[in-house]
Amino acid sequence: MIRIVRADGSAERALLDTLRARSGEVDKQVTAAVTEIIEAVRDCGDEAVRAFTMRFDGACPDTFEVGRDEINDALTMAEPEFVNALLAATEQISAFHLRQKQQSFIDTHDDGVMMGQRIRGLARVGLYVPGGTAAYPSSVLMNCIPARIAGVGEIVMVTPPMKDGRANPDILAAAAIAGVDRVFLMGGAQAVAALAYGTGSVPRVDKIVGPGNIYVATAKRLLYGVVDIDMIAGPSEILIAADDTADPVYLAADMMSQAEHDALASAILLTTSERIAQQTAGELERQASALSRAEIIRQSLENYGAIIICRCPQEMIDLANELAPEHMEIMTENPLEYIGKIDNVGSLFLGKYSPEPLGDYYAGPNHVLPTSGTARFFSPLGVDSFVKKSSFVYYTRPALMEAQGHIVRIAEREGLTAHANSIKVRFSDV
C-alpha cells in the first residue's frame, strides 16, 4: 500500500518532485468554471448565487441568511457532551491566541518628533465553512476566535445548505459559541464571490478565510486583490520523523489520520530505522481495513505516501526543511531537541503523546496551516491575520531641518526632484 524508499541522494528527490508537481497543478477547466461563476455573481448578485446553489447543492433556502433564533436553537438542542467539547476547545484556542495580540505604540523623541504604529481589527471578515458531507465545526472555532481577539468588527459566515435546504446544526452550534455575527446558507465559488463583491443579501468583506474544495480554493486565488485571503490551501500533509524508539502502531495511525482527508493528501514517514519502516508499513495495512475511509486512505498512501529510510538524523532534518510540511510529528527519543532545527513547518508535534489530531481540535494553536511547501514563507492563521497596521509620523520644524540634507540628497540621487522640492520649500526662507 505504501512505497519504501532508501535515501541515496536521488530516490528521495524523485519523490519530492512528484509532490511538488501535485501541488503546483492548476486545473484549467476548474479555473474556467470558477471564473464564469465569479463574473456571474459580480454582475447578478443574489440571482446568480441562487441559481448556482440550486445547481450544485440541489436545494436553496427561501432566504440566504440564517436567523439568530435558529443559530441559538442549534446550540440549545445540541448534544451536551458535544457542546462541552466545543467549549473546552474554545477555552484552549482562546488562551493560545490571546498571547498573539499586539498593541499599538507611540515613540516620542526629545526634539518633539513622534512616530508610531496603530493596530486595529479589520472591519468585516468572511468565514467559509464546508457544511455538506464534510462539516467541520472545529474550523469555525479556529477561524472565528482569533478574528474576535483581533477586534474584527463583524464576522460573516457562509456554509452550504444540506440536502434539505437547512444549515448543518453542528456548524451553527459552533458559530454560536465562537461568536459569528451572521450566517448565510451558500457554498462553493459562488459564496466566495458573494463575500468578495457583496450582493443584495451578503455584505462585502475585507478578507475571506476558511477551507474548501478545489472550486473554493480557486475562487479565493482568483479574487485575491479584490479581497484579502488567508492562503491558498492545498491537500493535507503530514510528515513524521522517527527513530528506533518510535511505536509503529502510533506512526501508522497518525499517517492515516491525514491520509483519510483526501485521495490527494500526503503522508510521509522519515526514519533512520529499517525495522520501524517495515513494521509501520505492516501496521498501515492492518489498521486501514478497520477504518471507514479505507479506500481514500489507500489511494492517498499509494499515490502520495512514502516511507523514506534516511542515513542519519540530519538527513531527516534536511528533508523536512525542504518539504516544509503542513504538519510534522517528531517521534524520537529526545523530540524537544528538534524545535530549533525544523525551520519550515506549519505546526510541529513533539513526542508520542502529541498526535496531529490534538492540534486539529483542542491544544490551542491554529489548525489553518500553510500547505504545499509554503511553510517556507507563510505562517499559520492567527490574530495577526485579522488586523491591519498603519504608521504615523509627526516632525517639528527643527527636526525636519536637521534631516533635510539627507532626504534631499537621496531624492535627487533617485531623480525625484519633486520629492526633494517638497522638503526644500519649507526652508526657502533660510
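Predicted model: local features only at pLDDT ≥ 70, side-chain atom pairs only at ≥ 80, totals over all residues.

Biologist: Which residues does the UniProt annotation "binding site" cover?

Modeller: UniProt annotations may be inferred rather than shown by experiment. Here the unreviewed entry marks Tyr 128, Gln 190 and Asn 213 as "binding site". They are spread over 86 residues of sequence, yet they cluster in space, with a largest C-alpha distance of 12.6 Å.

Biologist: Is Tyr 128 buried or exposed?

Modeller: Buried means under 20% relative accessible area, exposed over 50%, and partly exposed in between, with a 1.4 Å probe and protein chains only. Tyr 128 counts as buried because its relative accessible area is 4%. Tyr 128 lies in strand 5 (residues 124-128); strands are DSSP runs of E with at least two residues, and helices are runs of H or I with at least four, numbered from the N terminus. The side chain of Tyr 128 reaches the backbone nitrogen of Gly 188 at 2.7 Å.

Biologist: Where is Asn 213 found?

Modeller: Asn 213 sits in the loop between strand 8 (207-209) and helix 9 (214-223). Asn 213 is partly exposed, because its relative accessibility is 46%. Its side chain reaches the backbone nitrogen of Tyr 215 at 3.0 Å.

Biologist: What does the side chain of Asp 230 reach?

Modeller: The side chain of Asp 230 reaches the backbone nitrogen of Gly 210 at 2.9 Å. Asp 230 belongs to the loop between strand 9 (228-229) and strand 10 (237-242), and it counts as buried because its relative accessibility is 13%.

Biologist: How many cavities of 30 Å³ or more does a search of the whole structure find?

Modeller: Rolling a probe the size of a water molecule over the atoms shows where empty space is left. A cavity is a set of points, on a 1 Å grid over the protein atoms alone, where a 1.4 Å probe fits but cannot get out; lining residues have an atom within 4 Å of a point. The search finds one cavity of 30 Å³ or more, and about 40 Å³ of space lies in the largest cavity.

Biologist: Which helix gives the most to the lining of the largest cavity?

Modeller: Helix 14 does, with three residues. Among the lining residues are His 327, Phe 349 and Glu 356.

Conventions: Residues numbered from 1 in each chain as written. Heavy atoms only, no water. Polar contact = N/O pair within 3.5 Å; in protein donor to acceptor, adjacent residues only side chain to side chain. 1 Å grid on protein atoms, 1.4 Å probe; cavity = no way out; pocket = protein on both sides within 12 Å on 5 of 7 lines; lining within 4 Å. Points joined across faces, edges and corners; volume = space filled by probe spheres on them.
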